[in-house]
Amino acid sequence: MIDSFVMFITGFGGNTALVIVLFTLAVRLLLLPLSIKQARAAKIRMRLAPRLQELQKRHSRNPERLSKEMSALYAKEGTSPFAGFGPALAQMPFLWLMYQVATHPLIGTDLLGRHLAAVVAQYGLISWPVLAFAGVIVAIALIAWYTSRRMEAGQLKILKLLPYGTVIAAAVLPLAAGIYLLVSTAWTAGERRVLYPASLSAAT
């Protein structure tokens, strides 16, 4: 399967990166119904935000009690603080596929199959391949910041740090996987803009 997919995406001459972008868009379009479902759950969490803040003030000295009270409140409404991670988890097989593609012998020797450390070692810190990597990582970091700022009030602070995990991933994965993450996180930011129009005013 991997060999066939690699042969397919490399069969477009020098447009392998463009094929990766189109593949990513196709994956996100496929997952759109799941994203819409998660948006409905997020609206419930936004409605609970004032009550969650009240619980945090009331039980600020008792983290265990706070956790139980918050879990009970989420359960009563039929949701959870982790309900918004469905699309991200569903993407994991596709990200794994992209990693397999990037490390395939047909691509592994190309820039798309290289890791940042290997590119720096071969081309030096100031070079266009490193700049290409840096551009992808910086773009992902900006999107992560934007996404974190738009998360609804009442979410655990650690959840707002999770978007930055894609920055770390892009820094250690091959460039092909980084391109996938860039397009996917940009899509996610666009989805939040459309499906969560009120989340900006609720951001902390």
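This is a predicted model: local features need pLDDT of at least 70, side-chain atom pairs count only at pLDDT 80 or more; totals for chains, interfaces and linings use all residues.
User: How many residues does the chain have, and what percentage of them count as buried?

Analyst: The chain has 204 residues, of which 42% count as buried. The cut-off for that term is a relative accessible area under 20%.

User: Which percentage of the contacts in the chain with a separation of 6 or more comes from residues 24 or more positions apart?

Analyst: Residues 24 or more positions apart account for 73% of those contacts.

User: What makes a group of residues a nonpolar core, and which residues have the most contacts inside the largest one?

Analyst: Members must be buried, belong to a set of residue types such as Ala, Val, Leu and Phe, and be joined through side-chain atoms within 4.5 Å. The largest nonpolar core has 34 residues, and those with the most contacts inside it are Phe23, Met98, Val101, Leu112 and Leu175. At least two residues of this core come from each of H1 (2-9), H2 (16-30), H6 (92-102), H9 (128-149), H11 (165-172) and H12 (175-195). H12 gives the most to this core, with seven residues. Apart from it lies another core, of seven residues, including Leu55, Leu66, Met70 and Tyr74.

User: Which residues does Val101 touch, leaving out those up to four places away in sequence?

Analyst: With those left out, Val101 touches Phe5, Val6, Ile9 and Ile107.

User: Why is H9 called roughly parallel to H12?

Analyst: The axes of H9 and H12 come within 9 Å and cross at roughly 25°. Angles under 35 degrees count as roughly parallel, and therefore H9 is roughly parallel to H12. H9 passes H12 in a left-handed crossing. On the H9 side, Phe133, Val136, Ala139, Ile140, Ile143, Tyr146 and Thr147 take part, and their partners in H12 include Leu175, Gly178, Ile179, Leu181 and Leu182. By class, this contact of H9 with H12 has 12 nonpolar, three polar and two charged residues.

User: Why is H8 called roughly antiparallel to H9?

Analyst: The axes of H8 and H9 come within 9 Å and cross at roughly 150°. The cut-off for roughly antiparallel is an angle over 145 degrees, so H8 is roughly antiparallel to H9. The crossing of H8 and H9 is left-handed. Leu116, Val119, Val120 and Tyr123 of H8 make the contact with Pro129, Val130, Phe133 and Ile137 of H9. Divided by class, the contact of H8 with H9 has eight nonpolar, no polar and no charged residues.

User: What makes H3 roughly antiparallel to H4?

Analyst: Helix H3 (residues 32-58) and helix H4 (residues 63-76) pack at an angle of about 155°, with their axes 11 Å apart. Because an angle over 145 degrees counts as roughly antiparallel, H3 is roughly antiparallel to H4. The crossing of H3 and H4 is right-handed. H3 contributes Arg45, Leu48, Arg51, Leu52, Leu55 and Gln56 to the contact, and H4 contributes Leu66, Glu69, Met70, Leu73 and Tyr74. These residues of the contact of H3 with H4 divide into seven nonpolar, one polar and three charged.

User: Why does Ala17 count as partly exposed?

Analyst: Ala17 has a relative accessibility of 30%. Ala17 lies in helix H2. Leaving aside neighbours within four places in sequence, Ala17 is in contact with Leu112 and Ile179. The C-alpha atoms of Ala17 and Leu175 are separated by 9.4 Å, and these residues are 158 residues apart along the chain.

User: How do you know that Tyr123 is partly exposed?

Analyst: The relative accessible area of Tyr123 is 38%. Buried requires under 20% and exposed over 50%, so Tyr123 is partly exposed. Tyr123 is found in helix H8 (residues 116-123). Not counting residues up to four places away in sequence, Tyr123 touches Arg114 and Pro129.

User: Why is Ala132 called partly exposed?

Analyst: Ala132 has a relative accessible area of 29%. The cut-off for buried is under 20%, and that for exposed is over 50%; therefore Ala132 is partly exposed. Ala132 lies in helix H9. Its C-alpha atom and that of Leu111, 21 residues apart along the chain, are separated by 9.6 Å.

How values were computed. Residues are numbered from 1 along each chain as its sequence is written. Side-chain values use heavy atoms; hydrogens and water are left out. Buried means under 20% relative accessible area, exposed over 50%, partly exposed in between (1.4 Å probe, protein chains only). Helices (H or I, at least four residues) and strands (E, at least two) are DSSP runs, numbered from the N terminus. Contact means heavy atoms within 4.5 Å. Axes are lines fitted to C-alpha atoms, for helices over the stretch in contact, and angles run from 0 to 180 degrees between N-to-C directions. Angles under 35 degrees count as roughly parallel, over 145 as roughly antiparallel, 65 to 115 as roughly perpendicular and the rest as oblique. A crossing is left-handed if the near helix is turned anticlockwise from the far one by less than a right angle, and right-handed if clockwise. Ala, Val, Leu, Ile, Met, Phe, Trp, Tyr, Cys and Pro count as nonpolar, Asp, Glu, Lys and Arg as charged, and the others, Gly among them, as polar.
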